[in-house]
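Here is a short briefing for a reader meeting this structure for the first time. Please look at the sequence and the model, then read on.

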Amino acid sequence: MAGRAQIPTSNSALIAMIADEDTVTGFLMAGVGNVDLRRKTNYLIVDSKTTVKAIEDTFKDYTTREDIAIILISQYVANMIRFLVDSYNKPVTAILEIPSKDHPYDPAHDSVLSRVKYLFSAESVASGRR
Amino acid sequence: MEVVDHETPSLENGKTDKEVEENANVLQFMDSMDAYLTLIHSLSSTLRRGWLELASARHSMGASRVNTVLLDHTSHPAATSLLVTQDEGKVDSGKPHFTLCKWASSSNENSLLGEKQSSQDKLHPQLRHRGSTELYEEKTSSENKASREVDDPVQKERSKSLSMFGTLVSPKLRAAQLSFEAALETLVEIANMRSEMLCAFDQVNMKLAGRKDEK
């Protein structure tokens with residue numbers, strides 16, 4: 001279809017993580033950790049000392065990197081930069097909000113579900129019936 | 001009150017097909033959203049298991065041995081990566097498809113083949129051959145030998161990944177590793193379901209917008 005953005009294909013794309021220590025440790029044990037020649041990693045461990053600016057900068061960096069296809073972000077961290085997360089809507093890189101130990105997953109805050117939930121709102125139903 | 005006549009189509013064939021297509025799009029959207037939420041729920045329980053096993057490993061090995069300070073900060077590629085392709089279902093669909101390549105480092109291409117082969121076997125399970133037991137047993141033993149050969153490099157990669165925590169690690173740490181591997185597989189399914197859901201959502205949205213324009 002004319003005007004459709006081409007999906008950038010890759011055969012060795014990375015999974016990036018912005019999450020708490022235990023989640024990042026676990027996924028690093030599963031082999032997703034990558035450190036390039038400039039010592040840049042594909043993960044950010046978020047703790048009490050991590051600033052919102054640092055999280056924002058990392059998120060922007062990961063969404064612009066061509067070698068990253070999926071970003072895993074703890075939902076409570078995503079809530080800190082909700083505006084940024086919700087405004088990102090490209091098919092690749094896919095942003096997946098995941099639960100953390102202390103913060104269970106809440107579908108009401110999920111950016112993907114927020115995008116589609118208006119279909120179920122009274123306004124959209126009413127406008128369809130007119 | 002509107003009376004619907006079921007015997008004769010009240011609309012011309014073109015419009016009826018359009019309604020069928022719209023209904024199919026809506027159904028696909030609802031199904032993919034349901035699958036997305038189910039997968040998230042499954043991911044939550046897998047992660048909980050992984051965190052618990054990691055905490056148990058930390059308890060038995062000591063907090064200083066299971067620590068992010070020990071992470072390898074030297075340059076190294078990811079052993080587990082993703083294959084991103086355009087969805088084969090529709091040309092120019094704009095829908096990406098993600099495939100997980102576990103433990104597929106550059107020196108381990110056989111394991112990638114093994115992992116893909118085992119996933120293909122899951123999709124197309126072998127039929128049972130009654131009456132040719134010997135042939136079946138030979139085939140099974142050769143498959144087991146092949147899977148063992150494939151598993152060895154994978155096991156080596158797993159051990160290498162845990163080596164940052166020391167040579168001897170708690171079985172709970174190994175169990176946590178497997179749990180997080182399972183979580184990764186679920187996450188890739190979630191990513192694919194997310195693409196499907198957004199694609200179906202776009203279709204439904206387009207139809208709604210078209211209907212508003214007509215009115």
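The points below cover the interface, the aromatic pairs and the salt bridges.

This is a predicted model. Chain A meets chain B through 60 residues, and chain B answers with 61. Over all chains there are three aromatic pairs and eleven salt bridges.

**The interface of chain A and chain B**

- About 5100 Å² is buried between chain A and chain B. Carbon and sulfur atoms give 67% of that area.
- The count of residue pairs in polar contact between the two chains is 13.
- Several elements of chain A each give two or more residues to the side that touches chain B. Among them are strand S1 (10–19), H1, strand S3 (68–74) and helix H6 (122–129) of chain A.
- H1(A) gives the largest share of that side, with eight residues.
- By type, the residues of chain A on this side are 34 nonpolar, 14 polar and twelve charged.
- One salt bridge is found across the interface. Its partners are Asp22(A) and Arg58(B), with the closest N and O atoms 2.9 Å apart.

**Aromatic pairs**

- Phe27(A) and Phe180(B) form an edge-to-face pair, because their planes stand at 75°, beyond the 60 degrees that the term requires. Their ring centres are 5.2 Å apart.
- Phe27(A) sits in helix H1 (residues 21–29) of chain A, and Phe180(B) in helix H4 (residues 171–214) of chain B, so this pair joins two chains.
- Both partners are buried: Phe27(A) has 0% relative accessibility, and Phe180(B) has 1%.
- Phe29(B) and Phe201(B) form a tilted pair, with 6.0 Å from centre to centre and 40° between the planes.
- Phe29(B) is buried at 2% relative accessible area. Phe201(B) is buried too, at 6%.

**A salt bridge within chain A**

- Arg82(A) and Asp86(A) form a salt bridge, and their closest N and O atoms are 3.4 Å apart.
- The two residues are four apart in helix H4 (residues 82–87) of chain A, so about one helical turn separates them.
- Arg82(A) is buried at 16% relative accessibility, because the limit for buried is under 20%. Asp86(A) is partly exposed at 36%.

**A salt-bridge network in chain B**

- Lys102(B), Arg158(B), Glu181(B) and Glu185(B) are linked in a network of salt bridges.
- Lys102(B) bonds with Glu185(B) in a salt bridge, the closest N and O atoms being 2.6 Å apart.
- Lys102(B) lies in the loop between strand S2 (96–101) and helix H2 (109–123) of chain B, while Glu185(B) lies in helix H4, so the pair ties together parts 83 residues apart in sequence.
- Lys102(B) is buried at 9% relative accessible area, whereas Glu185(B) is partly exposed at 34%.
- Glu181(B) and Arg158(B) also meet in a salt bridge, at 2.6 Å from N to O.
- Glu181(B) is in helix H4 of chain B and Arg158(B) in helix H3 (residues 133–162) of chain B, so this pair ties together parts 23 residues apart in sequence.
- Glu181(B) is buried at 2% relative accessibility. Arg158(B) is buried at 13%.

How values were computed: Residues are numbered from 1 along each chain as its sequence is written. Chains are lettered from A and ligands numbered from 1 in the order in which they are written. This is a predicted model: local features need pLDDT of at least 70, side-chain atom pairs count only at pLDDT 80 or more; totals for chains, interfaces and linings use all residues. Side-chain values use heavy atoms; hydrogens and water are left out. Rings of Phe, Tyr and Trp (its six-membered ring) pair if their centres lie within 6.5 Å; planes under 30 degrees apart count as stacked, over 60 as edge-to-face and the rest as tilted. Buried means under 20% relative accessible area, exposed over 50%, partly exposed in between (1.4 Å probe, protein chains only). Contact means heavy atoms within 4.5 Å. Buried area is the accessible area (1.4 Å probe) that two parts lose on being put together, summed over both. A salt bridge is a side-chain nitrogen of Lys or Arg within 4 Å of a carboxyl oxygen of Asp or Glu. A polar contact is a pair of N or O atoms within 3.5 Å; within protein, one must be able to donate a hydrogen and the other to accept it, and residues adjacent in sequence count only if both atoms are side-chain atoms. Ala, Val, Leu, Ile, Met, Phe, Trp, Tyr, Cys and Pro count as nonpolar, Asp, Glu, Lys and Arg as charged, and the others, Gly among them, as polar.
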